[in-house]
Amino acid sequence: EFRPATAALKSKPAMGLDPTASEISACVGILQRLTPITLELPQCCELLQVGTSLFANHILECRRAKRRDLLFKQVTEKSWPHLAAHITEQVDEVARPANRWRK
């Protein structure tokens with residue numbers, strides 16, 4: 001059954017339509033041959049659209065995790081009390097306007 005890329009992006013695969021190991025292997029083989037220049041070719045337009053949609057969230061989550069790890073490593077043990085005080089101040093600041101309107 002042919003489904004345009006836009007329809008495929010909006011729906012999850014139906015039961016029994018999950019890719020087989022050999023299909024995934026073939027896909028990986030093709031993807032490994034592609035280059036950024038190849039993706040600019042007109043015949044790769046749909047591939048680029050579907051791939052971007054498929055992998056965008058995963059890539060963003062990986063970047064966020066790396067940033068969190070880096071920030072965590074940059075915080076030394078001596079700075080924990082300062083960081084805790086700063087977070088408490090920020091939470092109090094956010095809570096203050098809400099409390100003001102409750103009176």
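Mentor: Buried means under 20% relative accessible area, exposed means over 50%, and partly exposed lies in between. The model discussed here is predicted.

Trainee: Is Ile59 buried, exposed or partly exposed?

Mentor: Ile59 lies in helix α4, which covers residues 45–74. The relative accessibility of Ile59 is 40%. The cut-offs are under 20% for buried and over 50% for exposed, so Ile59 counts as partly exposed.

Trainee: Which residues form a nonpolar patch on the surface, and with about how much accessible area together?

Mentor: Ile59 belongs to the patch, along with Leu54 and Phe55. The accessible area of Leu54, Phe55 and Ile59 together is about 290 Å².

Trainee: How far does α4 reach from its first C-alpha to its last?

Mentor: Helix α4 has 30 residues. At 1.5 Å a residue, a span of 44 Å is expected. The reach in the model is close to that, at 41 Å.

Trainee: Where does α4 bend, and by about how much?

Mentor: The bend is at Phe55, a residue that is also part of the nonpolar patch. At Phe55, α4 bends by about 40°.

Trainee: Which side chains meet in a salt bridge?

Mentor: The structure holds one salt bridge. Residues three or four places apart point the same way, because an α-helix has 3.6 residues a turn. With an N to O distance of 2.6 Å, the pair is Glu61 and Arg64.

Trainee: Are Glu61 and Arg64 buried, exposed or partly exposed?

Mentor: Glu61 has 42% relative accessibility, and Arg64 has 39%. Buried needs under 20% and exposed needs over 50%. Glu61 therefore counts as partly exposed, and Arg64 also counts as partly exposed.

Trainee: How many disulfides does a search of the whole structure find, and how far from Cys44 is the nearest cysteine sulfur?

Mentor: A disulfide is a covalent bond between the sulfur atoms of two cysteines. The search finds zero disulfides. Cys44 is in none, and the nearest cysteine sulfur, that of Cys45, is at 9.1 Å.

Technical notes:
Residues are numbered from 1 along each chain as its sequence is written. This is a predicted model: local features need pLDDT of at least 70, side-chain atom pairs count only at pLDDT 80 or more; totals for chains, interfaces and linings use all residues. Side-chain values use heavy atoms; hydrogens and water are left out. Patches are made of residues with over 30% relative accessible area and no salt bridge: like charges are joined within 9 Å, nonpolar side chains (Val, Leu, Ile, Met, Phe, Trp, Tyr) within 5 Å. Accessible areas come from the Shrake-Rupley method with a 1.4 Å probe; for residues, only the protein chains shown count as cover. A salt bridge is a side-chain nitrogen of Lys or Arg within 4 Å of a carboxyl oxygen of Asp or Glu. Helices (H or I, at least four residues) and strands (E, at least two) are DSSP runs, numbered from the N terminus. Buried means under 20% relative accessible area, exposed over 50%, partly exposed in between (1.4 Å probe, protein chains only). A disulfide is a pair of cysteine sulfur atoms within 2.5 Å. The expected span of a helix is 1.5 Å times one less than its number of residues. The bend at a residue is the angle between axes fitted to the seven residues ending there and the seven starting there.
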